[in-house]
Amino acid sequence: MAFPTFLKKVLVSPVIKALAIVAVVCFVVAIIIDLIVLPIFAGRFASRGNIPQVTGLSADSATAVLTEAGFVVEWVPEGRYSSEVPLDFVLVQQPAAGREAKLGRTIFLTKSKGLREVTLPDLRGKSRKQASMSITRAGLVEGLAIAGAHVSIPRGVVIRTEPAALSVLRIGDTVSVVYSAGEKNGKVLLPNCSGMTLDSAKSEIEKLG
């Protein structure tokens, strides 16, 4: 059956032709996106790799290793004290090494602040028990308790410490305490005189009686 005249005119009109061209172009573009563009993006974002181990490395070495492996490095502002990892070396990495992650992922690193340092408090005039508690609270280890003769400090009261008060020590360092055993009893912890001149060493020793 022949098309009516008005339908033939509609089918051959410029509007229909334009719509047909647009439809063909859209179809071609869709094929290109499906076959070329999407695989490129999918491949890029799907690329994965194993996170390398960088704990224990220096800051520069850790950054170089992670960057070369395809990851981004970000340093945690606050470091942590450590008795095992040296100052400014990597103490913690997050995510942990060995895990698989997308390339381009950020790896957070924490630097070691080294051994924590504390100032030894002045324990002169305190009892042995008070001195022991202060040493422990400071994160230090109580060493020798040495009785020393003293003419004015009462028995059982701290005369001095070794190292001296206000010394900067590291957590876990040992502190010896010299306490009074009265005017004529007890022993005195001798100072380290190595490297001193004879006169200086003699003077230091005479100060202790």
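Where is the place of Thr-110? Thr-110 sits in strand E5, which covers residues 106–111. A word of caution before I go on: this is a predicted model.

Is Thr-110 buried or exposed? Thr-110 counts as buried, because its relative accessibility is 6% and the cut-off for buried is under 20%. What is Thr-110 in contact with, once its neighbours within four places in sequence are set aside? The partners are Val-76, Glu-78, Gly-79, Arg-80, Phe-89, Val-90, Leu-91 and Val-92.

For now, look at the loop between strand E2 (72–75) and E3. Asp-88 lies in that loop. Its phi is near 70 degrees, a positive value in a residue other than glycine. Asp-88 counts as partly exposed, at 40% relative accessibility.

Go on to the loop between strand E3 (90–94) and strand E4 (100–102), where Pro-95 lies. The peptide bond from Gln-94 to Pro-95 is cis. Omega there is near 0 degrees.

Now the sheet. In what order do the strands E7, E10 and E8 form it? The order is E7-E10-E8, in an open sheet of three strands with mixed pairing. E7 and E8 are the edge strands, each pairing on one side only. On average, neighbouring strands of this sheet are turned by 25 degrees against each other, direction ignored.

As a reminder, strands of a sheet pair through backbone hydrogen bonds, either parallel or antiparallel. How do E8 and E10 run, parallel or antiparallel? E8 and E10 run antiparallel, and four bridges join them. Arg-160 stands opposite Val-178 in E10. H4 packs on the sheet and touches E7, E8 and E10. The direction of H4 makes about 155 degrees with that of E7.

Let's stay with that helix. Just after H4 comes Gly-139, with a positive phi of about 85 degrees.

Next, the cores. In soluble globular proteins, nonpolar side chains tend to be buried together. Which residues make up the largest nonpolar core here? There are eleven in all: Val-118, Leu-120, Leu-123, Ala-131, Ile-135, Ala-138, Leu-140, Val-158, Leu-169, Val-175 and Val-177. H4 and E10 each supply at least two residues of this core.

What does Leu-120 touch, not counting residues up to four places away in sequence? The list is Leu-140, Thr-161, Pro-163, Ala-164, Ala-165, Leu-166, Ser-167, Leu-169 and Val-175.

Several of those names lead us to my last stop, the loop between E8 and E9. Pro-163 has its place in this loop. The peptide bond from Glu-162 to Pro-163 is cis, with omega near 5 degrees. Leu-166 is in the loop between E8 and E9 as well. Phi of Leu-166 is near 75 degrees, a positive value in a residue other than glycine. Is Leu-166 buried or exposed? Leu-166 counts as exposed, because its relative accessibility is 60% and the cut-off for exposed is over 50%.

Then Ser-167, in the loop between strand E8 (158–162) and strand E9 (168–170). Ser-167 is partly exposed, with a relative accessible area of 22%. A polar atom of its side chain lies 2.7 Å from the backbone oxygen of Ala-164. Leaving aside neighbours within four places in sequence, Ser-167 is in contact with Val-118, Thr-119 and Leu-120. How many residues separate Ser-167 and Leu-120 in sequence? They are 47 residues apart in sequence, yet 5.4 Å apart in space, C-alpha to C-alpha.

That's the tour. Over to you.

Methods:
Residues numbered from 1 in each chain as written. Predicted model: local features only at pLDDT ≥ 70, side-chain atom pairs only at ≥ 80, totals over all residues. Heavy atoms only, no water. Buried < 20%, exposed > 50% of the residue type's maximum accessible area, 1.4 Å probe, protein only. Contact = heavy atoms within 4.5 Å. Polar contact = N/O pair within 3.5 Å; in protein donor to acceptor, adjacent residues only side chain to side chain. Pairing = 2+ DSSP bridges. Axes fitted to C-alpha atoms, helices over the stretch in contact; angles between N-to-C directions. Core = buried A, V, L, I, M, F, W, Y, C linked by side-chain atoms within 4.5 Å.
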